[in-house]
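Here's a quick briefing to read alongside the model. Have the sequence and the 3D view open as you go.

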Amino acid sequence: MNFDFSGKRALVTGAGAGIGRATALKLAELGAQVIALSRTKAHLDSLKQENPSIEIICVDLVEWSTTREAIKKVTPIHLLVNNAGICLQTPLLDATPEQFDLIFNVNLKAIMNVSQIVVADLLERNLKGNIVNVSSLASHRGVANFFLYAASKSAVDSFTKTMALELSPKGIRVNAVNPTVVMTEMGRHVWSDKEKSEAVLARIPQGKFVEKLDVVNGIVFLLSDNSDMINGHMLLIEGGLRCC
Ligand code: NDP
């Protein structure tokens with residue numbers, strides 16, 4: 001399979017760390033002109049140091065108007081990876097309205113915001129595009145004590161299906177990847193309790209956690225023409241994790 005993104009401009013959100021950073025570096029390696037958007041300047045500076053060809057944008061995606069203005073400046077974007085996300089451990093009875101707003105603002109509303117700017121511009125220029133939303137296995141299975149996070153990711157899946165229906169007739173494919181635990185900063189924070197993480201590991205028949213590269217490979221495949229007839233799909237990246 002050929003993965004050559006030469007001549008394409010790729011925007012990766014949440015590219016300062018974890019899966020997003022690894023995706024930005026891989027897309028640059030495969031020839032794309034990468035624009036890395038993230039919240040913490042120091043993370044972006046170190047990414048730029050690692051690969052000086054990558055353009056960086058420091059924006060907090062919670063800021064609706066600032067985000068829109070920043071994205072407008074870097075269009076056209078042919079490949080969009082809506083990766084930025086946060087995870088809060090909130091059982092139903094402890095979840096607050098503030099936590100609800102924060103998690104849905106970052107994990108969901110930002111996808112709407114960024115995608116609106118990118119897609120409107122592609123349509124105006126009559127260009128084709130490709131979008132991958134980074135969801136989670138939590139959207140499919142639910143996870144106890146992650147009441148808000150799992151719901152936000154279910155909504156990401158819903159966005160993905162509807163965006164694919166609306167946009168693919170216009171030449172823009174939309175898919176999602178849905179990984180189980182990946183030991184990034186977020187993964188380590190959420191699964192630091194060994195007893196909990198080993199219980200998850202015990203349910204993965206392959207006996208290992210998903211690595212960042214496993215997710216990156218899924219994203220790259222979905223962004224490429226190799227997956228041309230895969231559309232509105234949720235690609236589970238979970239090593240066959242058993243429900244129980
Ligand atoms: P990390 O916490 O390692 O990285 C998240 C990135 O998102 C960071 O670069 C962070 O910015 C950025 N980000 C967070 N909030 C904002 C914001 N308000 N504005 C701009 N950027 C923001 O997480 P992962 O790499 O693990 O997660 C990436 C995606 O994968 C998320 O959507 C997550 O839900 C999903 N996922 C992760 C799993 C896991 O186990 N790790 C499992 C399943 C899905 P900065 O570094 O600049 O502060």
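Let's start with asparagine 126, which is exposed, with 8 other C-beta atoms within 10 Å. Keep in mind that this is a predicted model. The chain averages a pLDDT of 96, and 100% of the residues score at least 70. For the complex, the predictor gives an ipTM of 0.99 and a pTM of 0.98.

- Most residues other than glycine have a negative phi, and most peptide bonds are trans.
- Asparagine 126 has a positive phi, near 60°, and sits in the loop between H4 and strand S5 (129-134).
- Asparagine 145 also has a positive phi, about 75°; look for it in the loop between helix H5 (138-141) and helix H6 (147-167).
- Asparagine 145 counts as partly exposed, with 14 C-beta neighbours inside 10 Å.
- Threonine 75 and proline 76 are joined by a cis peptide bond, with omega about 0°; proline 76 lies in the loop between helix H3 (64-72) and strand S4 (79-82).

**Nonpolar core**
- The largest nonpolar core has 69 residues, and those touching the most other members include Ala10, Val118 and Ile219.
- Helix H4 (residues 97-125) gives this core its largest share, 10 residues.
- Leaving out residues up to four places away in sequence, valine 118 touches Leu11, Ile71, Thr75, Ile77 and Leu80.

**Around the ligand**
- The ligand has 28 residues around it, and the closest are Gly14, Gly16, Gly18, Ser38 and Gly85.
- Sorted by class, this shell holds 13 nonpolar, 12 polar and three charged residues.
- Helix H1 (18-29) and helix H7 (185-190) each bring at least two residues to the shell.

Terms used:
Residues numbered from 1 in each chain as written. Predicted model: local features only at pLDDT ≥ 70, side-chain atom pairs only at ≥ 80, totals over all residues. Core = buried A, V, L, I, M, F, W, Y, C linked by C-beta atoms within 7 Å. Buried ≥ 20, exposed ≤ 12 C-beta atoms within 10 Å, placed from the backbone. Helix = DSSP H or I, 4+ residues; strand = E, 2+ residues; numbered from the N terminus. Contact = placed C-beta atoms within 7 Å. pLDDT = per-residue confidence, 0-100. Near = placed C-beta within 6 Å. Nonpolar A, V, L, I, M, F, W, Y, C, P; charged D, E, K, R; others polar.
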